[in-house]
Amino acid sequence: MIEFLQQLINGLSQGSIYALIALGYTMVFGVLRFINFAHGDIYMLGAFAGFYTAPKLLSLTGGGPSYAGAALVLVAAMALCAAAGVIIERICYRPLRAQPRLTVLIAAIGVSLFLENGGQFIFGADPQAFPEIIADSAIELPASWGDFASLTITIGQVIVIGSTVILLAALRTIVLHTRTGMAMRALSLNPLAASLMGVNNDAVISFTFAIGSAMAGAAGILTSIQQPSIDPLMGINAGLKAFVAAVLGGIGNIPGAALGGVIIGVLEALVVGYVNPTYRDPLVFAVLILVLLFKPSGLLGKAEREKV
Amino acid sequence: MRHPKSLLFIALALCAGASFFTGGINPYYYDILITIGINIILAVSLNLVTGYTGQFSLGHAGFMAVGAYSSAWITLTFGFVLGTSLPAAGSVYLLALFGGGLAAAAAGLLVGVPSLRLRGDYLAIVTLGFSEIIKGVIQNAEPLGAQRGLGGMVQHTNFFWTYAIVALSIYGILTLVHSTYGSGFLAVRDDEIAAESMGINTTKYKVLAFVIGAFMAGVAGGLYAHFKQFIHPEGFNFLKSVDIVVMVILGGMGSTAGVCLAAVILTILPEFLRTVSDYTWLPGPVRDLAENRMILYSLLLIILMLTRPQGLFGKLHFIRSKKS
C-alpha cells in the first residue's frame, strides 16, 4: 500500500510534466488542426534556456539556490520558449497554412530534427548537469503519520506539482475569461467565421504558440529540478509521451491534456515499480494505439464527423 | 513502358554481367554500392505507401528490422540444413530473404489495420509507435541478441542479388501502379471519399500498400543483415525511418525514378560530406556542419516544404488541400 502510494506520488510529479507539454500539443491542434511535431524540442530548449540563464539570474538573487531565483529562471525560460514558438510558427508553419496537412507535418518533422541536431551542434551532444536552482531534498514527514511517514516526498516534487497547478489555473483563466481566450475558442470552432467576426487569426495563432511553448519551457525547467541532467535529445521521448497524453485526453481539449498527462505519468510509474522498467516506452505506445483503435476522440474529447 | 518484361530481363542480365566485375572493387566503394541498392528498395517500397497511396509512415525502419532479424534468425538456425555447399546455403539464404519479407508483411498487416481509421498525423505517430514497439521487443528478446545485437551471419548478399532485387522491386511497383487494379492506390491518395463512392475498397488498398511496402522493406532488411553480418536494434531507429522518408520526399512522392535518384544521392551525400570535413582550407564551422548531416537533412526538409512541396522530381500534387 505504501509502495503503491509512493509510485502514485512519483507518477503524479512526472505526469505534471507531461501535462504541461501536452497542453501545447492540444492548443495548437485546437486552432490549426495539426500536430506540432517540434513541440517536444521546445521543452528541451526550455531546459537549456534555464541552463544558460540560471547562473546570471541566481547571482541577481544572492548567488545560491533560492525560490526567487528559481522563479526568475522559470519566467526567463518561458519567455524564451514563447519567442521560439512564435518564430517557428511565423517562419515554417504560417506560409504553409493553405497547403495540405501532410506538407505542414513534414515541415514540422524537419523543424524537430533541426532543433535536435542543431542543439547537439551548439549545446554539445553529451548530457550536461543542470545547475541547482532549488535545494532539493526529501521532506521530513511527521512521525505521527505512522506508516505514511516512510513515504519519500521531495521538495522538488511539491514544487513541480504546485507550479503545474498554478500554471493550469492561469491557463484556464486566459482561455475562459479573456478576449484573446474567447478568440482562441472561436478560432478552434470555425476559423473562417471567427475572422468574419473580426478575430485576427494570425495574431491569435501566434498567441497560442506563445502560450503552448511557454508551458513546455516551464516543463523543461521543472523536470530539470528533479533530474538535473539535460541533453539535446531529451525532448523526443517526453514529447512523444506528452502527445500520447494529449490524444488520451482528447486532442484539442485542454482539461483532457492535463488529465491524460497525469494518467500517463502514473501508469508509467506503476509499470516501472511493479512490472519491468524496459516496458515503460512500449507501454505508452500501446496506450496510444488502444486509444486510437477504441476511442479515437479520447477520454474527454467529442467525436468529430468527417465533412465531405 | 512498352516492353516492361523485356526491360526487366535486360536489367537482370546486366546485373549478372556486372557482378563478374565487382570482385576487384575497393571494399569501401563496394559497401556504398550495396548500401545504395538496399536504400533504393527501401525508398521505392515506402513510396508505394506514402507517395502512391498517400499514407504517411514514419516506421519503415521497423519493417526493415523485422525482415533483418527474421531472415538472420532463419539462416543462423537452418543455414546448413541442406548441406554446407554454396548452392545449398545460398538457397537457404534466398528462402530466408523471402521469410524475412513475409514476417515484415505480417507486421505491415498489423500496422495497416489501425490505419483504416486514422489519417495523416495520427498515422505517422502510430507507425512511429509500432516501430518503437518492434525495437523494444527485439531489445528484450534473448534469442535475437537483445541489446547486444545479432551477428555471425554468412555474407551471402552480393552485387547480383542486391541489384536483381532492386530491378524486381522497381518492376513490381511500376507494373502494379500502372495497372488498372493499381490505379486504386492513386485514387485513395487523391481523394479517399470520392474513391470510396466510386466503389473502390479503400480499406483494402491501404492495407495492401502497407503489406507490400513492408514485404519489400523486410527483404531489404534481409539483404542488409547478410551484408553487414551484424545487426543491432539501434540501427533501425527513428532516424533510419527519417532517412527513408527524406529520400521519398526529396525524390518526389509518387515518382519512382525520382525516388531512386534521391536514394542514390542521399546515400552518397553523407560519404561526400565526410570527405568535405577533411578539406582543411574550408572554415571550421562549414566542416563541422558537413559532418552533421542531420542538420542539413532537416533544413532540406523545411526548405523543400516551403518552396517545392512536391519534391525535386515530383510532378503530381500529392493529397490535394482540403479546406473545411
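Helices (H or I, at least four residues) and strands (E, at least two) are DSSP runs, numbered from the N terminus. With that rule, A:R33 falls in the loop between α1 (2-32) and α2 (39-60) of chain A. This is a predicted model: local features need pLDDT of at least 70, side-chain atom pairs count only at pLDDT 80 or more, and totals for chains, interfaces and linings use all residues. Residues are numbered from 1 along each chain as its sequence is written, while chains are lettered from A and ligands numbered from 1 in the order in which they are written.

**Confidence**

- The model scores ipTM 0.81 and pTM 0.83.
- pLDDT is the predictor's confidence in each residue, from 0 to 100. Chain B has a mean pLDDT of 82, and 93% of its residues reach 70 or more.
- Within chain B, helix α9 (residues 202-228) has the highest confidence, at 91. Helix α12 (residues 284-291) of chain B has the lowest, at a mean of 71.
- Over residues 317-324 of chain B, pLDDT stays under 50. The model has 18 contacts beyond four places in sequence for these residues. Two residues are in contact if their C-beta atoms, placed from the backbone, lie within 7 Å.

**Chain B as a whole**

- Chain B has 13 helices and two strands.
- Its radius of gyration, taken over C-alpha atoms, is 20 Å. The globule rule (2.2 Å times the number of residues to the power 0.38) gives 20 Å for 324 residues, so chain B is as compact as a globular protein of that length.
- Along its principal axes, the C-alpha trace of chain B spans about 60 × 55 × 45 Å.
- Of the 324 residues in chain B, 48% are buried. A residue is buried if 20 or more other C-beta atoms lie within 10 Å of its own, exposed if 12 or fewer, and partly exposed in between; C-beta atoms are placed from the backbone.
- Take the contacts in chain B with a separation of 6 or more: 81% of them join residues 24 or more positions apart.

**Where the chains meet**

- 35 residues of chain A are in contact with 35 residues of chain B.
- On the side of chain A that touches chain B, α4 (101-123) and α11 (280-294) of chain A are the elements that give two or more residues. α4(A) gives the most, with 14 residues.
- That side of chain A divides into 26 nonpolar, six polar and three charged residues. Ala, Val, Leu, Ile, Met, Phe, Trp, Tyr, Cys and Pro count as nonpolar, Asp, Glu, Lys and Arg as charged, and the others, Gly among them, as polar.
- B:I125 is found in helix α5 (residues 120-140) of chain B. B:I125 counts as buried because it has 24 C-beta neighbours inside 10 Å.
- Not counting residues up to four places away in sequence, B:I125 touches A:F243 and A:L288.

**Helices of chain A**

- α1(A) has 31 residues, which should span 45 Å at 1.5 Å a residue; its end C-alpha atoms are 44 Å apart, which agrees. The expected span is 1.5 Å times one less than the number of residues.
- α1(A) is mostly covered, with 22 of its 31 residues buried.
- α11(A) has 15 residues and reaches 21 Å from its first C-alpha to its last, close to the 21 Å expected. Its buried residues include A:F285, A:L288 and A:L292.
- A:V247, in helix α9 (residues 234-249) of chain A, is buried, with 30 other C-beta atoms within 10 Å. Not counting residues up to four places away in sequence, A:V247 touches A:L288, A:V291, A:L292 and A:G298.

**The nonpolar core**

- A nonpolar core is a set of buried Ala, Val, Leu, Ile, Met, Phe, Trp, Tyr and Cys residues joined through C-beta atoms within 7 Å.
- The largest nonpolar core has 194 residues, of which A:C81, A:A107, A:A218 and B:A43 touch the most other members. α9(B) gives the most to this core, with 16 residues.

**Positive phi**

- A:R33 is partly exposed, with 17 other C-beta atoms within 10 Å.
- B:Q229 has a phi near 65°, a positive value in a residue other than glycine. B:Q229 lies in the loop between α9 and β2 (230-231) of chain B.
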